[in-house]
Amino acid sequence: MRILIVEDEARLAQALGQILQEAHYSTDIVCDGEDGLAYAVDGQYDIILLDVMLPRLSGLEVARRFRAAGGRTPILMLTARDEISDKVAGLDCGADDYMTKPFAPEELLARIRALLRRQGELVMETLSFGDLTLNLTACDLTCGARSVRLGHKEFEVLRLLMLHPRAILSKEELIVKVWGADSDVQDNNVEAYISFLRKKFFYLGSRVNIASLRRMGYRLEEKNA
């Protein structure tokens, strides 16, 4: 899942990014309203965290223009203001929820999960394919009695493959969804992480394989016993 953070306070933006990455979300961070609106309109995000007080374009205006453009991604608005009128203004401009700074990381993550549930996103603890089970909380991959911990990018690549087990995911799609649209990651980086995962499948003794389809991409396949 990908989250857009629109926050001009650099330390807070980085702290939010770290909290979300530790919770296994991919993030993009921008620091002003105009860039935030452009990313929101052009990107494919599951949640937008949007500060109210932003340079170039306020968070309220970003939310209003995003909704006017047909954007449906849930918006969680962040602000230092706790007046009821401020909250009403944010909700009226298109925000789905509102948090006042400072806030506890646990509350932020709970609000995000609630927004995902409202959108019909199933919040699962594990994903399975064949004889493999991926724990979405601990980043552990299990096959029978064996288990191995995945690195963050390994986890994200495999999570996407398991979420779309019958689909072919291209390298470009994996780059955008795992590293971000503005990343300078190349195809060989994707190939490297696919190789890492295949080695872990082998270590676990799994019958699952990541198949390469020439000029198309990757998908999961289960070998015959």
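Predicted model: local features only at pLDDT ≥ 70, side-chain atom pairs only at ≥ 80, totals over all residues.
**Exercise 1. Find how many disulfides the structure has, and explain the result for Cys143.**

Step 1. A disulfide is a covalent bond between the sulfur atoms of two cysteines. The cut-off applied to a pair of sulfur atoms is 2.5 Å.

Step 2. For Cys143, the closest cysteine sulfur belongs to Cys139 and lies 18 Å away, which is too far for a bond.

Step 3. Searching the whole structure gives zero disulfides.

Step 4. Cys143 counts as buried, because its relative accessibility is 8%.

**Exercise 2. Locate Arg56 and decide whether it is buried or exposed.**

Step 1. Arg56 sits in the loop between β3 and α3 (59-68).

Step 2. Exposed means over 50%; at 54% relative accessibility, Arg56 therefore counts as exposed.

Step 3. Arg56 has a phi near 75°, a positive value in a residue other than glycine.

**Exercise 3. Describe the five-stranded sheet and the helices on it.**

Step 1. The sheet is open, its strands pair in parallel, and their order is β2-β1-β3-β4-β5. At the edges are β2 (26-30) and β5 (97-100), each pairing on one side only. On average, neighbouring strands are turned by 20° against each other, direction ignored.

Step 2. Strand β4 (residues 75-79) runs parallel to β5 and is joined to it by four bridges. Leu76 has Asp97 in β5 as its bridge partner.

Step 3. Helix α4 (residues 84-92) packs on the sheet and touches β4 and β5, with its direction at about 145° to that of β5.

Step 4. Helix α1 (residues 10-22) lies across β1 (2-6), β2, β3 (47-51) and β4, and runs at about 170° to β2.

**Exercise 4. Which peptide bond is cis, the one from Lys101 to Pro102, and where does Pro102 lie?**

Step 1. From Lys101 to Pro102, omega is near -10° and the peptide bond is cis.

Step 2. Pro102 belongs to the loop between β5 and α5 (105-118).

**Exercise 5. Work out how α7 and α8 are oriented and which residues meet.**

Step 1. The axes of α7 (residues 171-179) and α8 (residues 187-204) cross at roughly 85° and come within 10 Å.

Step 2. The helices are therefore roughly perpendicular to each other.

Step 3. Lys171, Leu174, Ile175 and Trp179 in α7 meet Asp187, Val190, Glu191 and Tyr193 in α8. By class, this contact has five nonpolar, three charged and no polar residues.

Key:
Residues numbered from 1 in each chain as written. Heavy atoms only, no water. Pairing = 2+ DSSP bridges. Helix = DSSP H or I, 4+ residues; strand = E, 2+ residues; numbered from the N terminus. Axes fitted to C-alpha atoms, helices over the stretch in contact; angles between N-to-C directions. Contact = heavy atoms within 4.5 Å. Buried < 20%, exposed > 50% of the residue type's maximum accessible area, 1.4 Å probe, protein only. Parallel < 35°, antiparallel > 145°, perpendicular 65-115°, else oblique. Nonpolar A, V, L, I, M, F, W, Y, C, P; charged D, E, K, R; others polar.
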